[in-house]
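This briefing covers disulfides and a surface patch. The structure is shown first, and the terms are given where they come up.

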Amino acid sequence: MSSVKSLAFLALATGLASVSNAQSTSGSGTTTRYWDCCKASCSWPGKASVSSPVALCDKNDSPLSDYNTQSACAGGSSYMCSSQSPWAVSDSLAYGFAAVSIPSGSEATSCCSCYELTFTSTSIAGKKMIVQATNTGSDLGQGQFDLAIPGGGVGIFNACTDEWGAPASGWGAQYGGISSNTCSTLPAALQPGCGFRFGDWFEGADNPAVDWKKVTCPKAITDKTGCVRDGETPIGDSASTAAAVASSAAPTSTAASSVVASSAAASSAAATSAAASSAAASSVAASSEAASVATSAGSSVYTAPAASTAAPTTTSSAYVAPVASSSTSSASAVAPVASSASSSSVYVPSAPTGAASAPPPPASAPAPPGSAPAPPASAPAPPASYPTPEGACAVQYVYEE
C-alpha cells in the first residue's frame, strides 16, 4: 500500500514539476541590442529539434556547410552572417533575430522559435517586430530580447575586430554600440541593418519595453537562417501560397466556364429561333410585325426591312423582337435582331439573295384592334431581293385578312 502511495506521490510530483518547467509563451519583457559577429549558439547541432541549425558564415561572410566549425569567439573560424540583420516589412511591422531568454525555457525550446514583440514604450510604441531566436546569453535576464543589430555593441564577446577590422571594443561603446547614425563607417554588408536602427522604423529607440508572444515563424525569416522547428510550417511557404492562389483563382475559372456555357446555350437557342423564323408563315413573326406597325402612330409609309452589312456573329445570346422606330414623318419595321454576347456588334438578318420578297400589306388587311391603320395600298412593294451574308436566315412577313 505504501508503495502505491509512493508511486502516486511520485507521479504527482513529476506532473507538478512538468507544469512548473513549462516554457512561457507570452509575457512582458525588455529589449537590448548587440552585434558581436560570433557564431550563434543555435548554429550548433543538437541544440533543438529543428530542420538544421542556424546558418553560419566564414570570415568572408560566405555560408559554411560544417555546423561544427568552432566559433571565432573561441578561436575558430565561424561567424554570424550579415544576412541576420533586421529589416522593415511595413510601417508597423519588422522582422529580425535576437538572443533570447524565455522564462522557464531553454535552448531546446527556444532555438529557432519566433516571437512577436509589441513595443510598449518610446516613440515606436504600438509597432510590432517578429524575431527568431538564434542565440542566447548568460548575461540575459528573464524575458529579455537582445536584438541583433549591427553597430549595437559587442557585449561580452567580440569577433568583429577579427572579421571586419572593427575597433578593439567594437563600433561605439562595448554595450550599446554607436550612439548616432555613423553607420557609413561600418562594412557595406552591415550598413543596412545598422541603418534600420536610426531610420524611420526604429527611430533610434533605446531599449524599448515589449509585450511578447510566441508565434509561427514567417518564411522570410527562416529562409535566411535555414532553421525551422520540427512540426512547424513557416507562414507564407510556397505550398500555402500556391493553395491560396488556386483558391482565389477557382471562382474566376468557374465564372468563365459559366459564361462559355451560357454563350453556347444562347447560341443554340438563337439558332433554333432563326430556323423557326425562316419557316413559312410563322405566327410569332406575324404577331411581332403587327405589334411593330401598331406602335408607329401617324405613320403613312411602309418601309421594307433594311439589309445588314455587318458580319453575322456566332455567339448571339438572345432573340430580340422587331423594334419600331417612330418619327413625325415615317416609321420603319425592323427585322428581328440578334445581339452578340459581347454587345460589340448587331446582326440584322434579311431575306437571302434570290429569295422572293415578302408581299406588301394588302389594302383590305384589317389593323389589329386599337392599333394604327395598316399601310395603304399605294405603298411601294419591297425590292425583289436583299443582299445577305451567306448562311443568314430568311424572314417572312405574313398579314392575315
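Buried means under 20% relative accessible area, exposed means over 50%, and partly exposed lies in between (1.4 Å probe, protein chains only). The model is predicted: local features need pLDDT of at least 70, side-chain atom pairs count only at pLDDT 80 or more, and totals for chains, interfaces and linings use all residues. Residues are numbered from 1 along each chain as its sequence is written, and side-chain values use heavy atoms, with hydrogens and water left out.

The structure holds seven disulfides, a disulfide being a pair of cysteine sulfur atoms within 2.5 Å. Helices (H or I, at least four residues) and strands (E, at least two) are DSSP runs, numbered from the N terminus.

**Cys-38 and Cys-73**
- The disulfide is left-handed, because its S-S torsion is about -65 degrees.
- Both Cys-38 and Cys-73 lie in the loop between strand S1 (26-34) and strand S2 (87-88), so the pair ties together parts that are 35 residues apart in sequence.
- Cys-38 is buried at a relative accessible area of 5%, whereas Cys-73 is partly exposed at 27%.

**Cys-112 and Cys-227**
- Cys-112 sits in the loop between helix H2 (107-110) and strand S4 (114-119), and Cys-227 in the loop between helix H5 (219-225) and helix H6 (238-278), so the pair ties together parts that are 115 residues apart in sequence.
- Cys-112 is buried at 1% relative accessibility, and Cys-227 is buried at 0%.

**Cys-114 and Cys-217**
- Cys-114 is buried at 0% relative accessibility, and Cys-217 is buried at 0%.

**Nonpolar surface patch**
- Ile-156, Phe-157 and Tyr-175 form a nonpolar patch on the surface, with about 340 Å² of accessible area together.
- Like charges are joined within 9 Å, and nonpolar side chains (Val, Leu, Ile, Met, Phe, Trp, Tyr) within 5 Å.
- Accessible areas come from the Shrake-Rupley method with a 1.4 Å probe; for residues, only the protein chains shown count as cover.
- Phe-157 is placed in the loop between strand S6 (144-148) and helix H3 (160-164), and counts as partly exposed at 46% relative accessibility.

Notes: Patches are made of residues with over 30% relative accessible area and no salt bridge: like charges are joined within 9 Å, nonpolar side chains (Val, Leu, Ile, Met, Phe, Trp, Tyr) within 5 Å. A salt bridge is a side-chain nitrogen of Lys or Arg within 4 Å of a carboxyl oxygen of Asp or Glu.
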